[in-house]
Amino acid sequence: MNIKRLIIVAVGGQGNLLASKVLGEAACRQEIPVRMSEIHGMAQRGGVVESAMIFGDAQSTIISDGEADIMVGFEPLETLRAIKKCNSKSTVITSTSPLPPFTAAIGKGVYPDMESIKSMIRQRVGRLITLDANVLAKEAGSELSVNIVLLGALIAVDVLPVTADSVQEAIRETTKKSFAEINLKAFDLGRAAVKA
Amino acid sequence: MHKLLTDKPGEKAFLLGNEAIARGAIEAGLGFASTYPGTPSSEISANFFQISRESDLYFEYSTNEKVALEVAAAAANSGVRSMCIMKHVGVNVAADALMTLAYVGVRGGLVILTADDPFMFSSQNEQDNRYYGKLSGLPILEPSSGEEAKEMVDHAFDLSERLQEPVLLRTTTRINHSTSPVIFGKIRKPVTKGDFAKDPFNYVTVPAVSRKLHVKLLKNYETALELSNSSSYNFIEGNGSFGIICNGVSYNYVKDAVRDLDVENKIKILRIGFSHPMPNALIQKFLQGCQKALVVEEGEPYMEEAVKSAAQEKGFTNPINGKGPDLFSRLFEFDPGMVRAKIASYFGFAYAPAAPVDLTGIPDLPQRPPNLCAGCSHRAMFYAVNKAAEGIPNIRPTDIGCYTLGFLPPLSTGDFLICMGSSVGTGCGFSKATNKKVISYIGDSTFFHSGIPGLINAVFNNHDITLVILDNHTTAMTGHQPHPGVDMQELKLEGFNRVSIESVVKGIGVGHVAMIRPYNIKKSIAAIREALAYKGVSVVIAQQSCVLMDKSLKKLRGKPFCVSDRCKNHRNCINDLGCPAFYVEGSAVRINAALCTGCGVCAQICPEHAIVPVKD
């Protein structure tokens with residue numbers, strides 16, 4: 001099977017690991033070989049959380065610089081920071097809702113403006129898709145479903161072999177019942193944002 | 001039912017490596033487990049803790065790794081299959097027990113899991129614990145994936161019982177924290193109670209006994225060597241004339257590289273999964289007909305040394321390489337692209353490396369370092385110490401936990417750290433070797449782990465130090481595990497006692513002890529000033545539960561604060577506290593109400609009293 005490499009990058013607390021888990025479960029449902037790795041511990045105290053997922057017959061669980069086929073960023077600055085994982089053909093999906101790091105608040109660095117973030121990414125990769133995941137998550141019923149909105153966008157670009165049906169099933173099984181309906185709506189809104 | 005107790009052999013589950021390891025132990029009939037938590041091993045024991053609440057498994061969080069290993073050693077010598085889980089540096093703490101336990105051996109299987117951390121994602125060093133196999137003489141198994149780790153745990157128990165000695169299972173972060181599909185096997189019914197047959201001339205390690213036991217250990221080594229040479233975990237793949245010897249995650253990178261480079265017919269691979277003793281005869285067989293051999297291993301040249309020694313015995317003179325300036329580093333972790341590039345250049349294969357995007361033109365981006373949480377009581381305490389110690393030349397040894405982050409600006413408090421408990425011992429040394437006041441920081445769990453002997457030392461030798469114990473009622477950094485000072489009844493967990501830090505400190509004979517609530521800044525500063533003025537050992541115990549834990553237990557009661565129009569932009573709140581709930585909008589300081597926990601610390605330090613509770 002053709003190997004596909006995905007990087008998901010987020011700020012601690014944005015639900016990156018749950019999104020990866022749902023996607024992994026969905027791949028398992030379709031019998032697609034999948035492996036992923038993530039970083040826990042010190043990195044979680046407000047830092048960046050990155051997970052790598054590899055679909056197809058590879059044994060590695062991490063992705064080298066320049067080798068991601070697709071990257072999903074939950075926060076625009078972190079998408080830009082992680083861009084070295086991509087090459088000129090990679091597809092990048094990023095939310096445009098900023099979460100400025102504390103260093104910017106205390107004047108140690110300036111958060112770049114959104115248009116320049118977008119153009120710096122767009123110039124370097126094959127395809128850039130942007131959406132305001134926070135707005136869509138609120139529309140779905142909870143700010144916490146930013147992760148599932150972006151999962152919807154990821155499935156809609158059709159780079160991975162995972163289908164929307166299997167992700168929807170995985171959402172129903174993996175996320176709390178009270179939250180499943182909101183998440184399914186968030187997933188649809190994310191997909192629609194890319195297709196529109 | 002806990003998902004790892006699912007009794008459906010053949011069912012597939014998408015498991016974290018650490019879950020796969022826990023499941024492997026359950027399938028092997030684990031009866032007893034002990035640990036001190038440490039990343040990247042913590043989820044193994046977190047699962048055992050949950051499982052122990054609904055099965056016959058005995059599990060405990062021990063006070064430190066040495067105690068954990070002693071506890072498990074006794075269980076194993078009572079015939080119960082036992083496991084002891086720790087991070088790599090935890091083995092240093094347990095090493096005293098380990099080295100002589102290797103002599104004494106076990107009756108029931110004992111598997112000691114050491115989780116190494118190449119690149120130090122969450123550790124103070126990246127030591128390679130395979131050398132503990134050499135040092136102790138005990139067997140080491142090393143998996144390349146979660147699925148294999150699950151099988152290996154089962155095999156490790158059999159091996160331990162066959163050799164009647166503990167077996168080390170060595171993982172690295174990318175095994176512990178990778179997730180992949182794992183197939184459940186059968187669960188063996190655990191034996192949770194055994195008996196200890198007295199045999200002091202084999203169990204009480206006085207010199208005359210140990211001399212005999214060392215002979216036994218070396219004899220066991222010979223058996224282990226035979227088993228390593230024939231182990232299914234040491235296997236050869238392919239039959240090319242170039243050889244690659246690899247282990248652990250490196251095997252995955254090698255396999256992917258050989259396929260990506262399309263050189264399957266040119267390469268043969270020796271994967272080492274039973275790495276102590278190294279399979280000497282198998283290595284010699286592998287080297288036969290090898291024009292060139294490359295050893296691919298993260299960390300130290302542990303295998304490379306063994307391979308070169310095996311080659312020398314047989315007069316094999318073709319090149320064997322591993323570590324080197326143009327080859328592999330002893331530093332940090334490997335990645336697939338790097339391994340692919342090194343294999344291509346070493347053997348002379350054509351290769352067009354991936355081209356990462358060009359980063360020139362991207363400005364320096366504001367960093368996002370880890371930070372103490374909004375409302376963290378450590379921040380309040382550090383602020384109070386900074387204020388109380390103004391004008392007093394001082395050194396501040398710190399310790400291992402979330403509070404280590406206090407060394408970062410703007411709090412910038414934390415000067416020296418080497419290991420768990422070192423804040424107290426090094427504080428003793430700084431107080432004698434310099435003329436500065438010493439203020440040491442230690443967390444509650446770390447205090448129980450290894451801070452107490454240092455404090456006794458300080459009292460006995462009459463050092464002049466102030467120890468600040470940051471008691472947040474949990475082991476926060478590794479995921480809120482309990483420790484002896486935790487009120488387990490409050491967590492609705494029966495069957496535990498509670499050890500009071502205050503009683504321990506007073507029992508040691510510390511001359512000045514103060515208890516404070518760190519959110520009360522004025523009183524905290526006063527208490528620290530008083531402690532600093534005391535000549536001798538003083539202890540300040542700052543009690544406030546971890547906000548992150550309170551949040552998950554739904555115990556957070558505070559209401560968020562906001563910045564009113566009284567603000568004159570002094571920015572003491574941002575510049576001195578650095579709480580992540582603050583942000584700047586235009587030139588105005590704002591508080592993110594969703595992050596603010598209502599601790600009220602910033603409101604107490606604002607010179608204009610401009611920070612006020614949000615009105616309902």
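Start by colouring domain 3 (377-552) and domain 4 (561-613) of chain B: each gives at least three residues to the lining of the largest cavity. Those domain bounds come from an automatic or database domain assignment. A cavity here is a set of points, on a 1 Å grid over the protein atoms alone, where a 1.4 Å probe fits but cannot get out, and lining residues have an atom within 4 Å of a point.

Before going on, note that this is a predicted model, where local features need pLDDT of at least 70, side-chain atom pairs count only at pLDDT 80 or more, and totals for chains, interfaces and linings use all residues. Residues are numbered from 1 along each chain as its sequence is written, chains are lettered from A and ligands numbered from 1 in the order in which they are written, and side-chain values use heavy atoms, with hydrogens and water left out.

Now zoom in. The largest cavity holds about 160 Å³, a volume being the space filled by probe spheres set on the points, which are joined across faces, edges and corners. Select Gly375(B), Cys579(B), Cys599(B), Val601(B) and Cys602(B), the closest to its centre of 20 lining residues.

Next stop: the second largest cavity, at about 110 Å³. Pick Cys373(B), Cys376(B), Cys402(B), Asn472(B) and Cys546(B), which lie nearest its centre among 14 lining residues. Then show helix 14 and helix 19 (547-552) of chain B, the elements giving two or more residues to this lining; helices are DSSP runs (H or I, at least four residues) numbered from the N terminus.

Conventions:
On a 1 Å grid over the protein atoms alone, a cavity is a set of points where a 1.4 Å probe fits but cannot get out, and a pocket is an open set with protein on both sides within 12 Å along at least five of seven lines; lining residues have an atom within 4 Å of a point.
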